[in-house]
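This report describes the helices, their packing and a few selected residues. The sequence and structure come first.

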Amino acid sequence: MKNKITKGLSIGVIAMGIVHCAATFSPVIAGKLAALDAGAQNAFLYMSLMCGAMLILGGFTTFTIVNKVREYSFLRKPFLFTLILLAIDGILAASCMPHNPCAWAILVLTVPLLAINIRNK
C-alpha cells in the first residue's frame with residue numbers, strides 16, 4: 001500500500017515539475033521578467049527550469065526505485081536522500097512563496113513522501 005501511495009505522490013511531483021517548467025515560459029511569468037536585465041532574466045530562467053527539473057528527476061527516481069528498495073538494500077540511502085531533498089524543496093517552496101498555491105501543492109506532495117517512507121524497511 002505504501003508503494004502505491006508513494007508512486008501516486010511521485011507522479012504528482014513529476015506533474016508539478018512539468019507545470020513548473022512550462023510556467024517559466026508563460027506570459028504571466030515572462031511579462032514580469034521584462035523589467036530585468038538580460039543577465040538577470042537568464043539567471044531566473046535557469047533557476048526556474050532547474051527547480052522544475054529537480055522535481056521531475058526526484059519524482060521519477062522515487063517512482064522507479066520504490067519497488068526495489070526492499071530487494072536491494074543499497075538503494076535505501078539514495079532513495080531517502082532523494083525524498084529528503086524533495087521534502088526540503090517543498091518546505092522552502094511554501095515558506096518562500098506563501099501566496100503561491102503551487103508551492104503548497106509541492107509541500108503537500110513531498111513531505112508525505114518522506115513521512116511514509118522514512119520507516120519503510
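## Helices, packing and a surface patch

Leucine 85 is found in helix α4. The model is predicted, with pLDDT of at least 70 required for local features and 80 or more for side-chain atom pairs, while totals for chains, interfaces and linings use all residues. Residues are numbered from 1 along each chain as its sequence is written, and side-chain values use heavy atoms, leaving out hydrogens and water.

With a relative accessibility of 34%, leucine 85 counts as partly exposed. On this scale, buried means under 20% relative accessible area, exposed means over 50%, and partly exposed lies in between (1.4 Å probe, protein chains only).

Leucine 85 also belongs to a nonpolar surface patch of about 520 Å², together with Met54, Phe81, Ile84, Ile88 and Leu92. Helix α4, residues 76–96, supplies the largest share of this patch, five residues. A patch takes residues with over 30% relative accessible area and no salt bridge; like charges are joined within 9 Å, and nonpolar side chains (Val, Leu, Ile, Met, Phe, Trp, Tyr) within 5 Å. A salt bridge is a side-chain nitrogen of Lys or Arg within 4 Å of a carboxyl oxygen of Asp or Glu. The accessible areas come from the Shrake-Rupley method with a 1.4 Å probe, and for residues only the protein chains shown count as cover.

The secondary structure of the chain consists of five helices and zero strands, in the order α-α-α-α-α along the sequence. Helices (H or I, at least four residues) and strands (E, at least two) are DSSP runs, numbered from the N terminus. The chain has 121 residues, of which 34% count as buried. Its C-alpha trace spans about 50 × 25 × 20 Å along the principal axes.

Axes are lines fitted to C-alpha atoms, for helices over the stretch in contact, and angles run from 0 to 180 degrees between N-to-C directions.

| Helix pair | Angle | Axis separation |
|---|---|---|
| α4 and α5 | about 150 degrees | 8 Å |
| α1 and α3 | roughly 160 degrees | within 8 Å |
| α1 and α5 | about 150 degrees | 10 Å |

At that angle, α1 is roughly antiparallel to α3. The α4 and α5 helices are likewise roughly antiparallel to each other, and so are α1 and α5. The classes are roughly parallel for angles under 35 degrees, roughly antiparallel for angles over 145, roughly perpendicular for 65 to 115, and oblique for the rest.

The crossing is left-handed for α4 and α5, for α1 and α3, and for α1 and α5. Left-handed here means that the near helix is turned anticlockwise from the far one by less than a right angle; clockwise is right-handed.

Isoleucine 5 sits in helix α1 and counts as partly exposed, at 38% relative accessibility. Its C-alpha atom is separated by 38 Å from that of glycine 31, 26 residues away along the chain.

Leucine 49 is placed in helix α3 and is partly exposed, with a relative accessible area of 25%. Leucine 49 and phenylalanine 25 are 24 residues apart in sequence and 9.7 Å apart in space, C-alpha to C-alpha.

Aspartate 37 lies in the loop between α2 (27–33) and α3 (38–65). At 53% relative accessibility, aspartate 37 counts as exposed.
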